[in-house]
Amino acid sequence: MSKRWFAAILLFSTAASAVDARVYAAERSSEFLIGGEYRIRYETLNGQFRVGGEGGDQAIALRGLLRAGWRRGRIEALAEGIDSRSYLTDAGSVLDTSVVDAADLLQAHLKVDLRAPGSDLPEQSLLVGRYTLDLGRRRLIARNGYRNTINAFTGGLYTVRTPNGRSAQIFAAAPVARFPADAVDILNNETQLDREAPAVLFGAHIRPWAHERMLLETYAIGIAEWDGARSPSRNRRLGTIGARYAAAPAAGTFDAELEAAIQSGLSRSSTRSDDTTDLDHLAWFTHAEIGYSMESRTDLRFVAQIDYASGDRDPADSRFDRFDPLFGARGFEFAPTGIYGPISRANLLSAGARLVAEPARHVFATLAYRAFALASSRDVWTTAGLVDPTGQSGRFIGHHGEIQLGWRIRENVRIDVNGSFLGAGRFRREAPNAPESETTRYFSIQTQLNL
């Protein structure tokens with residue numbers, strides 16, 4: 001699909017679906033739905049923290065989504081297009097396929113309701129095709145929110161849900177690789193069709209217990225991948241098993257969350273074509289938080305959090321101990337992504353606090369602090385590319401502060417502003433090839449229109 005055709009379709013959908021449009025057949029036995037969203041974000045960064053980075057960076061990130069669906073009886077069909085682009089960037093910008101995916105197909109699938117009409121059985125469905133997926137708290141598999149592009153998978157998804165909140169999702173799919181991958185083509189917002197990566201992602205996510213505010217989830221996720229002509233990989237053959245307990249927030253009470261996972265199998269330390277050594281992989285991560293919601297007009301809530309994701313303890317041995325975050329989201333927990341995104345759920349030790357409030361109607365505010373450190377001083381700070389194999393630069397990355405303000409102008413229009421900074425701890429100052437800047441400042445303003 002050409003860029004002009006995609007833009008024309010997106011413009012038509014905006015005019016046709018200012019309110020989520022539904023068109024019914026005369027006998028009302030089938031239903032057609034069209035909708036989507038359009039988002040524009042300006043972001044700027046001063047004080048690079050990445051290897052080889054100098055000065056600042058800026059971008060205008062645009063993301064348009066167009067969805068069209070059809071439902072008849074127990075069968076549903078859905079197609080969703082995505083157009084993610086970036087402007088005001090140059091050759092020194094931090095651009096990759098997490099920022100740009102111009103004019104492509106995000107979802108295209110059929111979904112069948114397996115429960116017969118009038119049946120007392122739990123709700124069951126089977127989905128086949130290309131789809132996006134949120135699992136649990138979205139730490140390992142997620143449909144990305146803040147990030148300009150979105151993870152997608154091609155395969156099957158079986159879902160069962162009961163009225164009392166129990167559920168199970170079983171899936172097997174190939175992750176979709178976004179193209180182009182060439183830096184110059186990305187900078188120029190070139191259009192190339194995404195395609196399935198040479199890999200299989202499979203597993204199950206089960207919620208065996210749910211009661212009022214509390215729930216328990218367990219999951220098992222496997223991935224097997226191999227090098228493709230245009231998709232170099234770490235040849236991961238990994239299995240991840242984990243569990244999550246959560247008590248949802250409620251006014252005047254404490255809430256809590258605990259999630260932990262262990263990961264084992266084989267992987268390689270890099271995606272280089274000359275790296276053919278399979279390493280024993282054993283890693284883990286955990287997240288814990290406790291919060292309290294006040295009984296107040298502002299819905300004030302305080303949260304204390306701690307996260308650990310293992311790092312590779314000895315780069316010279318035959319093991320690889322760094323946790324692999326798979327296809328999870330991270331912006332909601334650590335820091336905004338986009339051209340910033342300083343932290344991922346790998347080789348990480350972090351503790352912090354978050355204050356959330358609604359100071360006025362349709363106005364949302366968050367104040368957050370985090371201390372970021374490496375779990376292993378000899379492993380890489382994954383998002384910055386900084387590493388000291390000797391471990392003599394210490395572990396502490398720096399203090400992070402963040403302010404978010406959101407304003408819902410109308411039911412389908414929202415403006416968000418974010419200001420963040422990351423100070424320089426010992427590791428950031430002393431690691432080999434560390435940039436000269438000691439403080440990174442990030443600012444963004446975003447408007448989103450839901451159609």
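**Reading the packing and the gaps**

Modeller: Start with Arg-139. Neighbours within four places in sequence aside, Arg-139 is in contact (heavy atoms within 4.5 Å) with Arg-244, Glu-257, Glu-259, Phe-285, His-287, Glu-289, Pro-325, Gly-328, Ala-329, Phe-332, Glu-333 and Arg-345. Note that this is a predicted model, where local features need pLDDT of at least 70, side-chain atom pairs count only at pLDDT 80 or more, and totals for chains, interfaces and linings use all residues. Residues are numbered from 1 along each chain as its sequence is written, and side-chain values use heavy atoms, with hydrogens and water left out.

Colleague: Where does Arg-139 sit, by strand or loop?

Modeller: Strands are DSSP runs of E, at least two residues long, numbered from the N terminus. Arg-139 lies in the loop between β6 and β7.

Colleague: Is Arg-139 buried or exposed?

Modeller: The scale is relative accessible area, taken with a 1.4 Å probe on protein chains only: buried is under 20%, exposed is over 50%, and partly exposed is in between. Arg-139 counts as buried because its relative accessibility is 1%.

Colleague: Which side chain makes a polar contact with that of Arg-139?

Modeller: A polar contact is a pair of N or O atoms within 3.5 Å; within protein, one must be able to donate a hydrogen and the other to accept it, and residues adjacent in sequence count only if both atoms are side-chain atoms. For Arg-139 the partner is the side chain of His-287, at 3.1 Å.

Colleague: What lines the largest cavity?

Modeller: The largest cavity holds about 70 Å³. Its lining includes Arg-139, His-205, Ile-221 and Glu-259. Strand β11 (residues 214–225) gives the most to that lining, three residues. By class, the lining has four nonpolar, two polar and five charged residues. Here Ala, Val, Leu, Ile, Met, Phe, Trp, Tyr, Cys and Pro count as nonpolar, Asp, Glu, Lys and Arg as charged, and the others, Gly among them, as polar.

Colleague: And the second largest cavity: which classes line it?

Modeller: Seven nonpolar, three polar and no charged residues. The space is about 50 Å³. Trp-381 is one of the lining residues.

Colleague: How do I read a core? Which residues touch the most other members of the largest one?

Modeller: A nonpolar core is a set of buried Ala, Val, Leu, Ile, Met, Phe, Trp, Tyr and Cys residues joined through side-chain atoms within 4.5 Å. The largest has 41 residues, and Phe-171, Ile-221 and Trp-381 touch the most other members. Strand β11 gives the most to this core, with three residues. A second, separate core has six residues, including Leu-65 and Val-176.

Colleague: Last, the second largest pocket. Which residues lie nearest its centre?

Modeller: Glu-76, Leu-78, Gln-107, His-109 and Lys-111, out of 29 lining residues. The volume is about 590 Å³. Strand β3 gives the most to the lining, five residues.

Key
1 Å grid on protein atoms, 1.4 Å probe; cavity = no way out; pocket = protein on both sides within 12 Å on 5 of 7 lines; lining within 4 Å. Points joined across faces, edges and corners; volume = space filled by probe spheres on them. Helix = DSSP H or I, 4+ residues; strand = E, 2+ residues; numbered from the N terminus.
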